[in-house]
Amino acid sequence: MNSIHKKTDVILIGGGIMSATLGTMLKELSPNLEIKLFEKLSKPAEESSNEWNNAGTGHSALCELNYTKEEADGSVNIDKAIQINEQFQLSKQFWTYLVNQGKLADPKSFIRPVPHMSFVYGKKNIEFLRKRCDALSNNPLFTGMTFTDDFETLKHWMPLMMEGRPTTEEIAATKIESGTDVNFGNLTRSLLSNLKDEGVELYYNHSVQNIRRNQDNTWQLKIYNSETKKTEYHNTKFVFIGAGGGSLPLLQKTGIKESTNIGGFPVSGLFMVCNNEDVIAKQEAKVYGKAKVGAPPMSVPHLDTRYIEGKRTLLFGPFAGFSPKFLKTGSNLDLIESVKPNNVLTMLSAGLKEMGLTKYLVEQVLLSDEKRLEELKEFIPTAKLEDWDIVIAGQRVQVIKDTEEGGKGTLQFGTELVTSEDGSISALLGASPGASTAVHVMLQLLEKSFPEQFPEWKQRIKQMIPSYEVQLSENPEVFDEINTSTSKALGLYK
Ligand SMILES: Cc1cc2nc3c(=O)[nH]c(=O)nc-3n(C[C@H](O)[C@H](O)[C@H](O)COP(=O)(O)OP(=O)(O)OC[C@H]3O[C@@H](n4cnc5c(N)ncnc54)[C@H](O)[C@@H]3O)c2cc1C
């Protein structure tokens, strides 16, 4: 027998970092809200937010070269880098607030200081890196970033990466100590455990199958309980579709006009994980390189010191590949089933435009262990295959939409919030910069979806996130004060 449940204020779909962040903010702003969360798997944070499924970089553009573009006149545009860094500052402040409130017990369990470095080969790239460092290091958010092309300094900065390297190689790097490694899996689990204590109803093994609007403009969700094998119906005033790769198919079911002409392009990934303690001990940094000409930004493998399951480890990747699944636990039919009459032209246009990318990703899937080792050797010349195992990373579903600049079926690399006109339903699509910007994205959502309450909530938001509506990059003293307190509370390098 099907069961129909009474109406609630908020339903969150998905037990990843996005729902966990939104649920936490809503409970802080309005403790009496009735909130339910539905997750189709048996545990939280098992898809992209899991620590083994993403790279754990606290994205702040400290080392990721794709956020700084070289302009035609040779100058380096740092606008995007500043924007990404400002967004991560919001996350750090919200986590600081929760630590200070005793709601996140042990910051080390989810964030650690790890230097961020960029590493390039060849004269042209070295010149770009030098200019990038000059442009960024004058900005308060990037203070302390240094450049070197001196072999001895590089040996000191990255001993593992310099072993066995000829002194004649043209290489350079930048280093900044204020980088972080974030364990989004642990963070999600802690936030959800708090929410449970605060009365949020968490339902695992519950898969949302359909979403339809009720006559009074509230929403009804059809949900399959895989334990009882029964279908349940839950009604709510507001829905957040935070289902990661599963968000697009659910958004399409809502029938809202904002869901049309949007598609998804799935990108799979895998990491090489070091199993040799001596090798792991020699590296303490996240090191990002430059994408090869023609390669998409998500295909730049990096060498990352990580803290997972309480241990320091070393990952290389993710190697991007093609898979038709929208979730790691998804179906091979996901991509084809996402093609609808209202997005078929968008999808076909993207298919034609992105033939090169698809070919590239298929080739990447077919890479042999030896070929992957060759890429690793660009970072660690002495790397041996037996020291590295393979783990499958999460799926990223890049948004495809029609844009003014790119035309029909343009592939997007960002994170996008799609919200109905009345704000009562909102879905998060896309993968990058992803988890690091969860707080920024959820602030945007709150403003759009709770327009009546938002003016009242602002005061409280400023208590939790002191730099809300302040450009830190233009207010060095405010940044210094906030950075001192977040670094202290989270145990980070200032
Ligand atoms: C390889 C890779 C590397 C990355 N590296 C970084 C990085 O270095 N730094 C960074 O900040 N971000 C990174 N990201 C992005 C980041 O991981 C994601 O942006 C973030 O985890 C997304 O969180 P989410 O809550 O939206 O999705 P998820 O964590 O995927 O959670 C969605 C949940 O919804 C559930 N679900 C799906 N469909 C349904 C349904 N119908 N009913 C109920 N539940 C459902 C899923 O089971 C899942 O648990 C990376 C991602 C990948 C894949």
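**Exercises on helix 1 and the ligand shell**

Helix 1 and strand 11 (206–213) each contribute at least two residues to the shell around the ligand; helices (H or I, at least four residues) and strands (E, at least two) are DSSP runs numbered from the N terminus. The model is predicted: local features need pLDDT of at least 70, side-chain atom pairs count only at pLDDT 80 or more, and totals for chains, interfaces and linings use all residues. Residues are numbered from 1 along each chain as its sequence is written.

**Exercise 1.** Determine which element gives the most to the shell around the ligand, and which residues come nearest.

*Solution.* 
1. Helix 1 gives the most, with three residues.

**Exercise 2.** Classify the packing of helix 1 against helix 6 by angle and by handedness.

*Solution.* 
1. Helix 1 (residues 17–29) and helix 6 (residues 184–197) pack with axes 9 Å apart, at an angle of about 40°. Axes are lines fitted to C-alpha atoms, for helices over the stretch in contact, and angles run from 0 to 180 degrees between N-to-C directions.
2. Helix 1 is therefore oblique to helix 6. Angles under 35 degrees count as roughly parallel, over 145 as roughly antiparallel, 65 to 115 as roughly perpendicular, and the rest as oblique.
3. The crossing of helix 1 and helix 6 is left-handed, that is, the near helix is turned anticlockwise from the far one by less than a right angle.
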